[in-house]
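Visitor: I'd like to learn how to read a model like this one, feature by feature. Could you walk me through it?

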Amino acid sequence: MRAAVIETPGHLRMQDVVAPSPGPDDVVIDVALTGLCGTDLHIYAGELNYVYPIIPGHEVVGTIAAVGANVSDLQPGMPVTFDPNIPCGHCHFCRRLRFNHCLNWQGVGVTRHGGFAEQVLVPAKVVYPIGDLPLEQAAFIEPLSCVVYGLQRATPALGDRILIFGAGPIGLLLMQCLRRGGAAHVTVTDLQPERLALARRLGAEETVQADEGQAAALREHAPYGYDMVVDATGVPAVAARCFDYVTPGGKVLLFGVCPEDATIPFSPFHLYRRDISVYGSFALNVTFGPAIELLRSGAVDVTPLVSHRFPLEQLPAALELAHTQSEPSAKILIAP
Ligand SMILES: [Zn+2]
Ligand SMILES: [Zn+2]
């Protein structure tokens with residue numbers, strides 16, 4: 001089968017590789033669509049201690065091609081997705097239901113071969129049938145699951161005023177979930193006017209251009225600050241500014257992935273004096289179910305978030321576009 005293999009950091013090559021065949025508890029999926037995500041860019045760039053060669057891609061939808069001998073509840077032909085996080089189930093953290101911190105964690109498309117290929121092999125226990133959910137929408141289940149997990153942690157309250165930095169696909173998923181979750185007012189700020197227009201179309205009460213007038217505009221809209229401020233950019237300087245806009249008693253959710261070695265200055269006195277709570281949120285934890293429901297009901301609209309579709313053979317061009325933002329892009333989907 002055809003597959004995109006990152007051989008070493010910065011070197012991606014289309015290859016013919018042996019198609020997977022399922023072990024007794026496995027499923028082989030014919031890939032229909034795979035979302036391109038920041039994690040794929042980090043693996044391509046070699047920013048953490050990843051092991052190469054690797055076929056990346058963890059936001060995958062497709063149909064079951066084959067199942068192992070012990071798999072009874074899934075059949076070939078079923079449309080499915082899978083949770084790319086494979087916990088061991090028996091380590092210190094798994095026994096405390098913190099599966100995303102599993103000490104023996106395996107990630108499809110991260111530590112084992114993923115979905116930028118014609119087929120992918122996964123254990124049946126992480127597979128979720130998607131029924132008649134359109135495949136393009138189902139490709140958002142994984143990132144939406146991460147958003148659900150972040151909001152389960154930070155628990156916004158009914159009537160909150162909320163500020164989101166960043167109107168990329170993740171910022172716009174967060175915005176829609178927060179509005180659905182009872183926020184009274186969501187403000188989104190970003191550099192790109194096209195993204196802000198989309199934020200308004202998807203329900204943001206207010207958008208603010210991230211230019212020299214940003215600080216004054218945000219102060220004017222919320223003189224006492226916001227009940228929750230979310231960073232969905234992963235830019236350290238932006239994450240640092242979240243603390244400037246949170247109201248006393250409010251919350252900061254650091255959702256965007258900053259570089260591993262980045263640090264930001266913050267004042268412990270400021271946090272103490274103003275009763276500020278800070279939340280981190282890593283990946284997801286058994287949140288595929290709610291994400292599927294949010295898409296199935298139409299509570300979250302992802303169709304406008306897709307900006308590009310590339311065939312698998314053009315994954316290098318897609319990576320380049322996502323990396324350089326040479327043209328405005330939101331979610332990029334890859335089809336083998
Ligand atoms: Zn992802
Ligand atoms: Zn574990």
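This is a predicted model: local features need pLDDT of at least 70, side-chain atom pairs count only at pLDDT 80 or more; totals for chains, interfaces and linings use all residues.

Visitor: What is the phi of Asp 275 near?

Guide: Look for positive values outside glycine. Phi of Asp 275 is near 55°, and Asp 275 is not a glycine. Asp 275 is also exposed, because its relative accessible area is 56% and the cut-off for exposed is over 50%.

Visitor: And where is Ala 283 found?

Guide: Ala 283 is in the loop between E15 and helix H9 (288-296). Ala 283 has a positive phi too, about 55°, again without being a glycine. With 21% relative accessibility, Ala 283 counts as partly exposed.

Visitor: Okay, metals next. Which residues coordinate the zinc ion (ligand 2)?

Guide: Start with the donor atoms and their distances. For the zinc ion (ligand 2) they are the SG atoms of Cys 88, Cys 91, Cys 94 and Cys 102, at 2.3 to 2.4 Å. Along the chain, these donors follow the spacing C-x2-C-x2-C-x7-C. Cys 91 and Cys 102 are 11 residues apart, and both lie in the loop between strand E6 (85-86) and strand E7 (106-107).

Visitor: Why is the arrangement around the zinc ion (ligand 2) called tetrahedral?

Guide: Angles decide that. Four tetrahedral donors would ideally give 109.5 degrees. Here the 4 donor atoms subtend angles of 102 to 116° at the zinc ion (ligand 2), so the arrangement is tetrahedral.

Visitor: Are Cys 91 and Cys 102 buried or exposed?

Guide: Relative accessibility is the number to read. Cys 91 comes out at 6%, so Cys 91 counts as buried. Cys 102, at 7%, counts as buried as well.

Visitor: What are the protein donors of the zinc ion (ligand 1)?

Guide: They are Cys 37 (SG), His 58 (NE2) and Glu 59 (OE), lying 2.1 to 2.3 Å from the zinc ion (ligand 1). Water is not among the atoms, so a site may look incomplete. The sequence spacing of the donor residues is C-x20-H-E. Cys 37 is in the loop between strand E3 (26-36) and helix H1 (38-45), while His 58 is in the loop between H1 and strand E4 (59-67), so the pair ties together parts that are 21 residues apart in sequence.

Visitor: What is His 58 in contact with?

Guide: For contacts, set aside neighbours within four places in sequence. The partners of His 58 then include Thr 34, Asp 40, Phe 82, Val 108 and Glu 142. His 58 is buried, with a relative accessible area of 6%.

Visitor: What else is there in the loop between H1 and E4?

Guide: Leu 48 and Pro 53 are both found there. The peptide bond from Tyr 52 to Pro 53 is cis, with omega near 0°. Leu 48 is partly exposed, at 36% relative accessible area. Compare sequence and space, too: Leu 48 and Glu 260 are 212 residues apart in sequence, but their C-alpha atoms are 8.1 Å apart.

Visitor: Last one: how is the protein divided into domains?

Guide: Into domain 1 (2-140 + 302-335) and domain 2 (151-280). Their centres, taken over C-alpha atoms, are separated by 29 Å. About 810 Å² is buried between the domains, 69% of it on carbon and sulfur atoms. Pro 304, Leu 305 and Pro 328 supply 50% of the area that domain 1 buries against domain 2, more than any other three residues. The salt-bridge count between the two domains is 0.

Definitions and conventions:
Residues are numbered from 1 along each chain as its sequence is written. Chains are lettered from A and ligands numbered from 1 in the order in which they are written. Side-chain values use heavy atoms; hydrogens and water are left out. Donors are N, O and S atoms within 2.8 Å of the metal (3.2 Å for Na, K and Ca); water is not among the atoms, so sites may look incomplete. Four donors count as tetrahedral if all angles lie between 85 and 135 degrees; four count as square planar and six as octahedral if opposite donors are over 155 degrees apart and all others between 65 and 115; anything else is irregular. Helices (H or I, at least four residues) and strands (E, at least two) are DSSP runs, numbered from the N terminus. Buried means under 20% relative accessible area, exposed over 50%, partly exposed in between (1.4 Å probe, protein chains only). Domain bounds come from an automatic or database domain assignment. Buried area is the accessible area (1.4 Å probe) that two parts lose on being put together, summed over both. A salt bridge is a side-chain nitrogen of Lys or Arg within 4 Å of a carboxyl oxygen of Asp or Glu. Contact means heavy atoms within 4.5 Å.
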